[in-house]
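I opened my notebook to look up a few things in one structure. Here is the sequence with its model.

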Amino acid sequence: MRVLGIETSCDETAASIVERAADGRATILSNVVRSQLDEHAAFGGVVPELAARAHVTWLDHIIAQACSEAGMKLGEVDAIAATAGPGLIGGVLVGLTTAKALSAALHKPLVAVNHLEAHALTARLTDGVAFPYLMLLVSGGHSQFVLVRGVGDYERWGTTIDDALGEAFDKVAKLLGLGNPGGPQVEKLARLGDPERFRFPRPLLKENRLDFSFSGLKTAVRLAAEGQAPLDDQTVADICASFQRTVAEIVSTRAKSALARYRAELPGHPPVLVVAGGVAANMTIGAALNEAVQAAGARLVVPPIPLCTDNGAMVAWAGAERLSLGAADPLDFSARARWPLDSADMGLSHHGA
Ligand code: KG4
Ligand code: ZN
């Protein structure tokens, strides 16, 4: 089965063709991503209206490129999958409507993919990880622990009560006058800094829950920066290093608790922690997670970074997984700005199976 996957929920216009063999093995035949960094650079963040327009301009070309890199004609794909939410609704509409048009014109099934499910199933595309497993999704829009029991079968164990982790990186970068996206900039400068110089709060850490809160930390970073103004390069690097170290500590402490819960609730299933989302690129957080996972006697799976960030291959794969279980969606499926993974209609029975 060869599935075209379309992703337009944020600032990446992406298309990919993925083949799923009958035994579940995956091959990525093409994976084309066009990032809109330049369009949004002047605004210090993603502007939804500009993002939607850029998706309109580029999506056809990106799909054509995905076909040509896979050595296929559009008519040769077996199904069309597109992100139907959650995300910036203008962009989601562009991708989903394009997918519906292709589905109708080519007489191929449509799969309306939940973007979070696509992140959640990526470890099966890249590493063939078996169910169940625990996912930590840390991106610009989400920070959550999700128990992945099967396709369409998710339980959210924790989420952020304010900012997402990637968002916190981006805001810290912005207040320090660094470029966008902020995560990679903060990580780069943190290498030159002293992680001990500033002591930032670790909110919620004493509470026995799996939620995150990053907005207090962001405020503490702002106050520290204001207290040190005018900032010299070393102080900026020290703030970056101290912030990053704090975040790594928060994430790894939470991961330990999540793995303890996993052991208690799923005895007999060796614990596996899968990481998804752009923040997975951060080496300090990765090292802290690795330590937490080792200490818990668990296994850590981090897909290659281009597949952790937004891409079409994960959408194609989620579509293929759903189709292999008999699920497809009607052409009147609505795009959604909000669509939690553990909502009632994630189940396969709501999608045609
Ligand atoms: O998954 P992603 O590409 O897009 C979505 O948000 O869906 O994640 C982007 C986020 C941005 O907030 C970016 O600053 C963050 O991931 N990020 C990083 C790093 N690389 C990307 N954060 C920390 N360290 C990094 N190396
Ligand atoms: Zn994403």
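This is a predicted model: local features need pLDDT of at least 70, side-chain atom pairs count only at pLDDT 80 or more; totals for chains, interfaces and linings use all residues.

**Entry 1: two domains**

How much area do domain 1 and domain 2 bury between them? I looked it up: domain 1 and domain 2 bury about 2000 Å², with 67% of it on carbon and sulfur atoms. Buried area is the accessible area (1.4 Å probe) that two parts lose on being put together, summed over both.

Residues are numbered from 1 along each chain as its sequence is written, chains are lettered from A and ligands numbered from 1 in the order in which they are written, and side-chain values use heavy atoms, with hydrogens and water left out.

Next I checked the bounds. Domain 1 covers 2-123 + 307-351, and domain 2 covers 131-306. Such bounds come from an automatic or database domain assignment. The C-alpha centres of the two domains lie 26 Å apart. Domain 1 gives 25 residues to the contact and domain 2 gives 28 residues. Contact means heavy atoms within 4.5 Å.

I then searched for charged pairs across the interface. The count between domain 1 and domain 2 is zero salt bridges. A salt bridge is a side-chain nitrogen of Lys or Arg within 4 Å of a carboxyl oxygen of Asp or Glu. Polar contacts do turn up: 10 residue pairs across the interface, both residues at pLDDT 80 or more. A polar contact is a pair of N or O atoms within 3.5 Å; within protein, one must be able to donate a hydrogen and the other to accept it, and residues adjacent in sequence count only if both atoms are side-chain atoms.

Which elements give two or more residues to the side of domain 1 that touches domain 2? They are α4, α10 and α11. The largest share, seven residues, comes from α4. Helices (H or I, at least four residues) and strands (E, at least two) are DSSP runs, numbered from the N terminus.

**Entry 2: the zinc ion**

I turned to ligand 2. The zinc ion (ligand 2) is coordinated at 2.1 Å by H115 (NE2), H119 (NE2) and D310 (OD). Donors are N, O and S atoms within 2.8 Å of the metal (3.2 Å for Na, K and Ca); water is not among the atoms, so sites may look incomplete. Along the chain, the donors follow the spacing H-x3-H-x190-D. H115 is in helix α4 (residues 115-127), while D310 is in the loop between α10 (305-308) and α11 (312-324). The two are 195 residues apart, and the pair links distant parts of the chain.

Are H115 and D310 buried or exposed? Both are buried. Buried means under 20% relative accessible area, exposed over 50%, partly exposed in between (1.4 Å probe, protein chains only).

**Entry 3: salt bridges**

I searched the whole structure and found 19 salt bridges. One of them joins R124 and E321, whose closest N and O atoms are 2.7 Å apart. R124 lies in helix α4 and E321 in helix α11, so this pair ties together parts 197 residues apart in sequence. R124 is buried at 18% relative accessible area, and E321 is buried at 2%.

R245 and E196 form another salt bridge, with the closest N and O atoms 2.8 Å apart. R245 lies in helix α8 (residues 233-265) and E196 in the loop between α6 and α7, so the pair ties together parts 49 residues apart in sequence. R245 is partly exposed at 26%, whereas E196 is exposed at 55%.

I also found a network: salt bridges that share partners join R149, D153, E155, R261 and E265. In it, the side chains of E155 and R149 meet at 2.1 Å, N to O.

**Entry 4: two buried residues**

I looked up D211 in the loop between α6 (182-190) and α7 (215-227). D211 counts as buried because its relative accessibility is 17%. Its side chain reaches the backbone nitrogen of T159 at 2.8 Å. The D211 side chain also makes a polar contact with the side chain of R209 (3.1 Å).

Q244 is buried at 5% relative accessible area. Its side chain makes a polar contact with the side chain of T284 (2.8 Å).
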